[in-house]
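Thanks for coming, everyone. Let me put the model on the screen and walk through a few local features.

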Amino acid sequence: LYSLYAEAEYSICNFKEVGRVAGIIIQSAKSFQDKQRAYAILIKALGVENKLEDAIKLSFSALSQLDVHLPSTPPDKSVVMNDWMDMTRTLQKVSYDEFLNFKVMSDTNKIAAMKFLHLLILYTYFSKQEYLPIVIIRSVQLTLQHGICKESCVAIASCSYVLCEFQDFKGAEYIGGLSIGILEKLKAQEYLSQVYICTFGGIFCWVRNLRLNIENLLLGYQMGMQTGDIQHAMFNASSYIK
């Protein structure tokens, strides 16, 4: 009941009350399962208030309670780069059909972890970019180890987007296609806007005529508005008008 109340207060932007109620739940609940929704809504509230470092810190805390650990300080860049290359090579070795036939993730703790990692992808992109590849790597690792879930499409689309920075356009195109495949298979419409801005606003701008992306960017805007993902809807709109 308290979690529902916190979510209702979040919907009307009463973030102070969200913090108060979520704090009571986190302190009083006995199991993490009972705290999970409170953590999620409090992290989202912090994100909306642009308190991104606090949102990241709280996400790390939630993940540790799900036995998914991220380093408190970023490892050496060479270590991160090696892990990144291993991840992208693994993804590119898996055929499209084989990947889409992966089992669907069923472990509730891992699904919960993927939801917190999904939030971290956005927050680290804007606040602590040194953590962004680490978050993506961990998300993809969980997908490869435990199966695909709706949040997997965002993690893999984000991987494709980052590969454009390394000018690995062939790898980015293939991995971007995987993300869209998962999106469509799992009917993850709530993430369509985010996946489309990473792919049709990312790699497909490099490898195909820009006119071929316009309709998809418009759809990304429309679906984002319909599902409440206003931020990514605006990103799609911005790319569309450019």
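Contact here means heavy atoms within 4.5 Å. This is a predicted model, so to speak of local features we need pLDDT of at least 70, side-chain atom pairs count only at pLDDT 80 or more, and totals for chains, interfaces and linings use all residues. Residues are numbered from 1 along each chain as its sequence is written, and side-chain values use heavy atoms, with hydrogens and water left out.

Start with Gly147. Helices are DSSP runs of H or I, at least four residues, and strands are runs of E, at least two, numbered from the N terminus. Gly147 sits in the loop between α8 and α9. Is Gly147 buried or exposed? Buried means under 20% relative accessible area, exposed over 50%, and partly exposed in between, with a 1.4 Å probe and protein chains only. Gly147 comes out at 3%, so it counts as buried. Leaving aside neighbours within four places in sequence, Gly147 is in contact with Lys103, Val104, Met105, Leu142 and Ser152. Its C-alpha atom is 9.6 Å from that of Ile111, 36 residues apart along the chain.

Now Ser106. Ser106 lies in the loop between α6 (96-100) and α7. Ser106 is exposed, at 62% relative accessible area. Not counting residues up to four places away in sequence, Ser106 touches Ile111 and His146.

Next, backbone angles. Most residues other than glycine have a negative phi. Asn50 has a positive phi of about 65° and is not a glycine. Asn50 is in the loop between α3 and α4 (52-65), and is exposed at 58%. Gln167 has a positive phi too, about 60°. Gln167 is in the loop between α9 and α10 (169-185), and is exposed at 60%.

On to helix packing. Axes are lines fitted to C-alpha atoms, for helices over the stretch in contact, and angles run from 0 to 180 degrees between N-to-C directions. Helix α5 (residues 77-93) packs with α9 at about 115°, axes 12 Å apart. Which residues of α5 and α9 make the contact? From α5, Trp84, Met87, Thr88 and Leu91; from α9, Cys159, Val162 and Leu163. For classes, Ala, Val, Leu, Ile, Met, Phe, Trp, Tyr, Cys and Pro count as nonpolar, Asp, Glu, Lys and Arg as charged, and the others, Gly among them, as polar. The contact of α5 with α9 has 6 nonpolar, 1 polar and no charged residues.

Last, pockets. On a 1 Å grid over the protein atoms alone, a pocket is an open set of points where a 1.4 Å probe fits, with protein on both sides within 12 Å along at least five of seven lines; lining residues have an atom within 4 Å of a point. A volume is the space filled by probe spheres set on the points, and grid points are joined across faces, edges and corners. The largest pocket has about 910 Å³. It is lined by 29 residues, and the closest to its centre are Tyr10, Lys44, His118, Leu119 and Asp229. The largest share, 8 residues, comes from α7. By class, that lining has 13 nonpolar, 9 polar and 7 charged residues.

The second largest pocket holds about 560 Å³. Of its 23 lining residues, the closest to the centre are Tyr161, Ile197, Gly201, Phe235 and Ser239. Its lining has 15 nonpolar, 7 polar and 1 charged.
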